[in-house]
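User: I would like to learn how to read strands, turns and helices in a model of this kind. Could we go through it feature by feature?

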Amino acid sequence: MQRGLFMKTCRCVSNRFLTSVVVSILISGCAKQPPFPRTRDEIIQESLSLPALYLTEKTRQRVVAPESEGVLIVDKKSGEIAWRALVCTAPDCPGKGPKGEPHICSENDLSYFVKTDGSLGYDPKRMPLDPTKIGMCQKCNSVRNPATETEQKRQQYTQWVQNYVLPESIIRKKQLEEELKRRVQYERQHRILRPDSQQKMVIPQP
Ligand SMILES: [Zn+2]
(Lines give C-alpha, C1' and ligand atoms only; values in the text may rest on other atoms or scores of the structure.)
Protein backbone atom coordinates (compact mmCIF):
# COMPACT_ATOMS: atom_id res chain seq x y z
CA MET A 1 0.00 0.00 0.00
CA GLN A 2 2.79 2.34 0.90
CA ARG A 3 4.48 1.61 -2.43
CA GLY A 4 1.20 2.28 -4.26
CA LEU A 5 0.77 5.56 -2.44
CA PHE A 6 4.36 6.48 -3.24
CA MET A 7 3.82 5.76 -6.97
CA LYS A 8 0.59 7.80 -6.97
CA THR A 9 2.39 10.73 -5.36
CA CYS A 10 5.20 10.46 -7.90
CA ARG A 11 2.71 10.42 -10.81
CA CYS A 12 0.88 13.39 -9.33
CA VAL A 13 4.11 15.38 -8.91
CA SER A 14 5.22 14.32 -12.37
CA ASN A 15 1.90 15.44 -13.92
CA ARG A 16 2.10 18.78 -12.13
CA PHE A 17 5.67 19.21 -13.31
CA LEU A 18 4.74 18.41 -16.90
CA THR A 19 1.74 20.77 -16.74
CA SER A 20 3.90 23.59 -15.43
CA VAL A 21 6.48 22.96 -18.17
CA VAL A 22 3.77 23.00 -20.87
CA VAL A 23 2.25 26.20 -19.41
CA SER A 24 5.70 27.84 -19.27
CA ILE A 25 6.36 26.94 -22.90
CA LEU A 26 2.98 28.30 -23.95
CA ILE A 27 3.50 31.54 -22.03
CA SER A 28 7.00 32.06 -23.38
CA GLY A 29 5.74 31.18 -26.87
CA CYS A 30 2.93 33.75 -26.56
CA ALA A 31 5.31 36.40 -25.27
CA LYS A 32 7.35 36.15 -28.45
CA GLN A 33 4.30 36.58 -30.68
CA PRO A 34 3.45 40.10 -31.92
CA PRO A 35 0.50 41.70 -30.09
CA PHE A 36 -2.90 40.47 -31.20
CA PRO A 37 -4.03 42.90 -33.91
CA ARG A 38 -6.93 45.16 -33.02
CA THR A 39 -10.02 45.07 -35.19
CA ARG A 40 -10.45 47.43 -38.13
CA ASP A 41 -13.21 49.28 -36.26
CA GLU A 42 -10.95 49.90 -33.25
CA ILE A 43 -8.13 51.21 -35.45
CA ILE A 44 -10.44 53.44 -37.51
CA GLN A 45 -12.15 54.71 -34.37
CA GLU A 46 -8.81 55.85 -32.95
CA SER A 47 -7.87 57.40 -36.29
CA LEU A 48 -11.04 59.51 -36.26
CA SER A 49 -10.46 60.64 -32.66
CA LEU A 50 -6.84 61.82 -32.92
CA PRO A 51 -5.98 65.14 -31.21
CA ALA A 52 -6.77 68.17 -33.36
CA LEU A 53 -6.06 71.87 -32.95
CA TYR A 54 -8.85 74.40 -32.40
CA LEU A 55 -8.53 78.19 -32.12
CA THR A 56 -10.85 80.21 -29.90
CA GLU A 57 -12.89 82.81 -31.76
CA LYS A 58 -11.97 86.00 -29.89
CA THR A 59 -8.73 85.47 -27.98
CA ARG A 60 -7.20 83.00 -30.49
CA GLN A 61 -6.13 80.53 -27.83
CA ARG A 62 -5.00 77.08 -28.92
CA VAL A 63 -7.20 74.22 -27.71
CA VAL A 64 -6.51 70.55 -28.40
CA ALA A 65 -9.54 68.25 -28.61
CA PRO A 66 -10.40 65.00 -30.45
CA GLU A 67 -10.90 65.48 -34.18
CA SER A 68 -14.22 63.66 -33.84
CA GLU A 69 -15.63 66.74 -32.04
CA GLY A 70 -16.15 68.32 -35.47
CA VAL A 71 -15.43 71.79 -36.82
CA LEU A 72 -16.33 73.70 -33.68
CA ILE A 73 -16.36 73.14 -29.94
CA VAL A 74 -17.22 75.17 -26.87
CA ASP A 75 -13.98 75.66 -24.96
CA LYS A 76 -14.91 75.15 -21.30
CA LYS A 77 -11.84 77.03 -20.05
CA SER A 78 -12.42 80.32 -21.89
CA GLY A 79 -16.15 79.89 -22.49
CA GLU A 80 -15.57 80.77 -26.15
CA ILE A 81 -16.33 78.89 -29.32
CA ALA A 82 -13.19 77.35 -30.78
CA TRP A 83 -12.96 76.52 -34.48
CA ARG A 84 -10.94 73.74 -36.12
CA ALA A 85 -7.58 75.21 -37.15
CA LEU A 86 -6.85 75.50 -40.86
CA VAL A 87 -3.54 75.92 -42.61
CA CYS A 88 -3.00 78.04 -45.71
CA THR A 89 -0.42 76.62 -48.08
CA ALA A 90 -0.79 79.28 -50.80
CA PRO A 91 2.73 80.02 -52.12
CA ASP A 92 2.15 83.79 -51.96
CA CYS A 93 0.26 83.86 -48.64
CA PRO A 94 1.23 87.04 -46.74
CA GLY A 95 0.65 85.19 -43.45
CA LYS A 96 3.71 82.97 -43.91
CA GLY A 97 6.21 82.98 -41.05
CA PRO A 98 9.81 84.26 -41.33
CA LYS A 99 11.06 80.76 -42.19
CA GLY A 100 8.20 80.10 -44.61
CA GLU A 101 5.95 78.46 -42.01
CA PRO A 102 2.41 78.23 -43.38
CA HIS A 103 -0.24 80.48 -41.86
CA ILE A 104 -2.56 78.81 -39.36
CA CYS A 105 -6.05 80.29 -39.27
CA SER A 106 -9.69 79.40 -38.79
CA GLU A 107 -12.92 80.24 -40.53
CA ASN A 108 -15.31 81.55 -37.92
CA ASP A 109 -19.03 81.47 -38.50
CA LEU A 110 -20.43 84.11 -36.16
CA SER A 111 -23.93 82.63 -36.50
CA TYR A 112 -22.90 80.25 -33.74
CA PHE A 113 -22.77 81.49 -30.17
CA VAL A 114 -22.51 80.16 -26.63
CA LYS A 115 -25.76 80.29 -24.67
CA THR A 116 -25.86 81.29 -21.01
CA ASP A 117 -26.10 77.61 -20.02
CA GLY A 118 -22.85 76.88 -21.92
CA SER A 119 -24.49 75.05 -24.81
CA LEU A 120 -24.17 75.98 -28.47
CA GLY A 121 -26.70 78.29 -30.11
CA TYR A 122 -27.28 79.22 -33.75
CA ASP A 123 -28.77 82.39 -35.19
CA PRO A 124 -27.94 83.32 -38.83
CA LYS A 125 -28.80 86.98 -38.11
CA ARG A 126 -25.67 87.22 -35.95
CA MET A 127 -23.40 86.76 -38.97
CA PRO A 128 -22.96 90.14 -40.69
CA LEU A 129 -22.45 90.21 -44.43
CA ASP A 130 -18.80 90.79 -45.24
CA PRO A 131 -18.25 91.98 -48.85
CA THR A 132 -14.46 91.68 -48.43
CA LYS A 133 -14.68 87.97 -47.66
CA ILE A 134 -13.31 86.02 -50.62
CA GLY A 135 -11.72 82.85 -49.28
CA MET A 136 -10.99 81.14 -45.97
CA CYS A 137 -7.55 82.73 -45.39
CA GLN A 138 -7.90 86.34 -44.26
CA LYS A 139 -4.24 87.04 -45.03
CA CYS A 140 -4.65 85.94 -48.64
CA ASN A 141 -7.93 87.88 -48.88
CA SER A 142 -5.94 91.08 -48.21
CA VAL A 143 -3.95 90.64 -51.46
CA ARG A 144 -6.52 88.96 -53.70
CA ASN A 145 -8.53 90.83 -56.28
CA PRO A 146 -11.69 88.94 -57.28
CA ALA A 147 -12.22 91.30 -60.24
CA THR A 148 -9.09 90.08 -62.04
CA GLU A 149 -8.79 86.59 -60.55
CA THR A 150 -9.37 83.64 -62.88
CA GLU A 151 -11.68 80.78 -61.90
CA GLN A 152 -8.66 78.44 -61.85
CA LYS A 153 -6.84 80.71 -59.39
CA ARG A 154 -9.94 80.96 -57.20
CA GLN A 155 -10.16 77.16 -57.02
CA GLN A 156 -6.46 76.96 -56.18
CA TYR A 157 -6.93 79.28 -53.22
CA THR A 158 -9.74 77.04 -51.97
CA GLN A 159 -7.54 73.95 -52.26
CA TRP A 160 -4.58 75.64 -50.57
CA VAL A 161 -6.53 75.95 -47.31
CA GLN A 162 -6.77 72.62 -45.54
CA ASN A 163 -7.36 71.29 -42.05
CA TYR A 164 -4.27 71.76 -39.89
CA VAL A 165 -3.02 68.45 -38.50
CA LEU A 166 -0.90 68.38 -35.35
CA PRO A 167 2.60 66.85 -35.87
CA GLU A 168 1.90 64.13 -33.28
CA SER A 169 -1.33 63.21 -35.08
CA ILE A 170 0.53 62.93 -38.41
CA ILE A 171 2.92 60.42 -36.79
CA ARG A 172 0.12 58.48 -35.09
CA LYS A 173 -1.99 58.40 -38.28
CA LYS A 174 0.91 56.76 -40.16
CA GLN A 175 1.27 54.18 -37.37
CA LEU A 176 -2.46 53.43 -37.54
CA GLU A 177 -2.28 53.03 -41.32
CA GLU A 178 0.48 50.46 -40.81
CA GLU A 179 -1.56 48.74 -38.10
CA LEU A 180 -4.56 48.59 -40.43
CA LYS A 181 -2.41 46.96 -43.13
CA ARG A 182 -1.25 44.35 -40.57
CA ARG A 183 -4.86 43.74 -39.57
CA VAL A 184 -5.91 43.18 -43.20
CA GLN A 185 -2.98 40.78 -43.62
CA TYR A 186 -3.97 38.99 -40.41
CA GLU A 187 -7.57 38.63 -41.63
CA ARG A 188 -6.33 37.11 -44.89
CA GLN A 189 -3.99 34.70 -43.09
CA HIS A 190 -6.75 33.56 -40.70
CA ARG A 191 -9.43 33.61 -43.39
CA ILE A 192 -11.53 36.09 -41.44
CA LEU A 193 -14.20 37.41 -43.77
CA ARG A 194 -15.82 40.77 -43.27
CA PRO A 195 -19.49 40.53 -42.21
CA ASP A 196 -20.45 42.67 -45.21
CA SER A 197 -18.92 40.16 -47.63
CA GLN A 198 -22.12 38.02 -47.26
CA GLN A 199 -20.00 34.97 -46.52
CA LYS A 200 -19.76 32.96 -43.35
CA MET A 201 -17.39 34.59 -40.90
CA VAL A 202 -14.59 32.29 -39.77
CA ILE A 203 -13.31 32.82 -36.26
CA PRO A 204 -9.75 31.50 -35.79
CA GLN A 205 -9.48 28.74 -33.20
CA PRO A 206 -6.94 29.36 -30.43
ZN1 LIG B 1 -3.14 82.48 -46.99
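User: How many bridges join strand 1 to strand 2, and do they run parallel or antiparallel?

Analyst: Bear in mind that this is a predicted model. Strand 1 and strand 2 (residues 62-66) run antiparallel and are joined by five bridges, and within this pairing A52 has A65 of strand 2 as its bridge partner. Strand 1 also pairs with strand 4 (residues 81-84), again in the antiparallel sense, over three bridges; here the partner of L55 is W83 in strand 4.

User: Is strand 1 largely enclosed or open?

Analyst: Burial is judged from the number of surrounding C-beta atoms, with 20 or more within 10 Å making a residue buried. Because five of the six residues of strand 1 (residues 51-56) are buried, the strand is largely enclosed by the rest of the structure.

User: What is the phi of R60, in the turn of the hairpin?

Analyst: Most residues other than glycine have a negative phi. R60, which lies in the loop between strand 1 and strand 2, has instead a positive phi of about 55°, in a hairpin with five residues between its strands. R60 counts as exposed, because it has 12 C-beta neighbours inside 10 Å.

User: How many residues of helix 5 are buried?

Analyst: The count is zero among its 23 residues, so that helix 5 is hardly covered. Helix 5 (residues 167-189) reaches 34 Å from its first C-alpha to its last, close to the 33 Å expected at 1.5 Å a residue, and is followed by R191, whose phi is positive, near 55°.

How values were computed
Residues numbered from 1 in each chain as written. Predicted model: local features only at pLDDT ≥ 70, side-chain atom pairs only at ≥ 80, totals over all residues. Helix = DSSP H or I, 4+ residues; strand = E, 2+ residues; numbered from the N terminus. Pairing = 2+ DSSP bridges. Expected span 1.5 Å × (residues − 1).
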